[in-house]
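Here are my notes on this one, jotted down as numbered points. Have the model open while you read.

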Amino acid sequence: MSGVDATILIAEYDESWPRRFAEERELLASVLRPWLMGPIEHIGSTAVPGLAAKPVIDIMAGVASLDASRPALDALAVLGYCYAPYRAGAMHWFCKPGPEVRTHHLHLVPVASELWNERLAFRDLLRLDAGLAREYEALKRRLAAAHADDREEYTDAKGRFIAAAIGRMMRPLE
């Protein structure tokens, strides 16, 4: 999708984000019902109260498998979701209304996958650890300034922080 992506901007937390997610979840549930094998979750920074974020609601819906949920790609177009083959081996990824202006990202992810578990674990960790959330916000602001027009680099650089945070959380107590 590069070449048409919007510049990365970090916005202060918006109290409307949880409501906007809930409204979209209702629309998605009606369309995705045949493929859902898990909940529709609010993920990403807009799911963490008080955390600054790109003002795009990130949504993850649990499916049995990528192959089984392939017919959902066409069904989601009715709601204005644009499919992009981004990390196609791990998820079906969509943006709404389009790459230039995004209000929502949707990730169809197998519920038994490592990606499903990691995304929920990181969201929950940020919700519980205000210090970690502040660190993450500072990192996102630095990365947005350094990579404003390179979403791939921005995302990859955040990935190192996320992996380290999850790794610390998963370590057994000594």
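How many helices and strands does the protein chain have?

1. The count is five helices and five strands, taking helices (H or I, at least four residues) and strands (E, at least two) as DSSP runs numbered from the N terminus. Read from the N terminus, the order is α-β-β-α-β-β-β-α-α-α.

2. A word on the ground rules. This is a predicted model, with local features needing pLDDT of at least 70 and side-chain atom pairs counting only at pLDDT 80 or more, while totals for chains, interfaces and linings use all residues. Residues are numbered from 1 along each chain as its sequence is written, and side-chain values use heavy atoms, with hydrogens and water left out.

3. Overall dimensions: the radius of gyration of the protein chain is 16 Å, which agrees with the value near 16 Å for a compact globule of 174 residues. That radius is taken over C-alpha atoms, and the globule rule is 2.2 Å times the number of residues to the power 0.38. The C-alpha trace spans about 40 × 40 × 30 Å along its principal axes.

4. Burial and surface: 46% of the 174 residues count as buried (under 20% relative accessible area; exposed is over 50%, partly exposed in between; 1.4 Å probe, protein chains only). The chain exposes about 8,900 Å², and 57% of that comes from carbon and sulfur atoms; the areas are Shrake-Rupley values with a 1.4 Å probe, and for residues only the protein chains shown count as cover.

5. Contacts (heavy atoms within 4.5 Å): looking at those with a separation of 6 or more, 65% are between residues 24 or more positions apart.

6. Now the aromatics. The structure holds seven aromatic pairs, where rings of Phe, Tyr and Trp (its six-membered ring) pair if their centres lie within 6.5 Å; planes under 30 degrees apart are stacked, over 60 edge-to-face, and the rest tilted. One of them is Tyr-81 with Phe-94, edge-to-face at 6.4 Å centre to centre and 85° between the planes. Tyr-81 sits in the loop between helix H2 (72-77) and strand E3 (82-84) and Phe-94 in strand E4 (residues 92-97), so the pair ties together parts 13 residues apart in sequence. Both residues are buried, and ring pairs link Tyr-81, Tyr-83 and Phe-94 into a cluster.

7. Then there is Phe-122 with Phe-161: the ring centres are 6.4 Å apart and the planes are at 80°, so this pair is edge-to-face. Because Phe-122 is in helix H3 (residues 114-128) and Phe-161 in helix H5 (residues 151-170), the pair ties together parts 39 residues apart in sequence. Both Phe-122 and Phe-161 are buried.

8. Is His-105 buried or exposed? His-105, in strand E5 (residues 102-110), is buried at 6% relative accessibility. Leaving aside neighbours within four places in sequence, its contacts include Ile-57, Asp-58, Trp-93, Phe-94 and Arg-151.

9. Ser-45 lies in the loop between strand E1 (36-43) and strand E2 (57-63), yet is buried, with a relative accessible area of 10%. Beyond neighbours within four places, Ser-45 is in contact with Leu-51, Ala-52, Ala-53, Tyr-136 and Lys-140. Glu-152, in helix H5, is partly exposed at 39% relative accessibility; not counting residues up to four places away, Glu-152 touches Tyr-86 and Arg-87.
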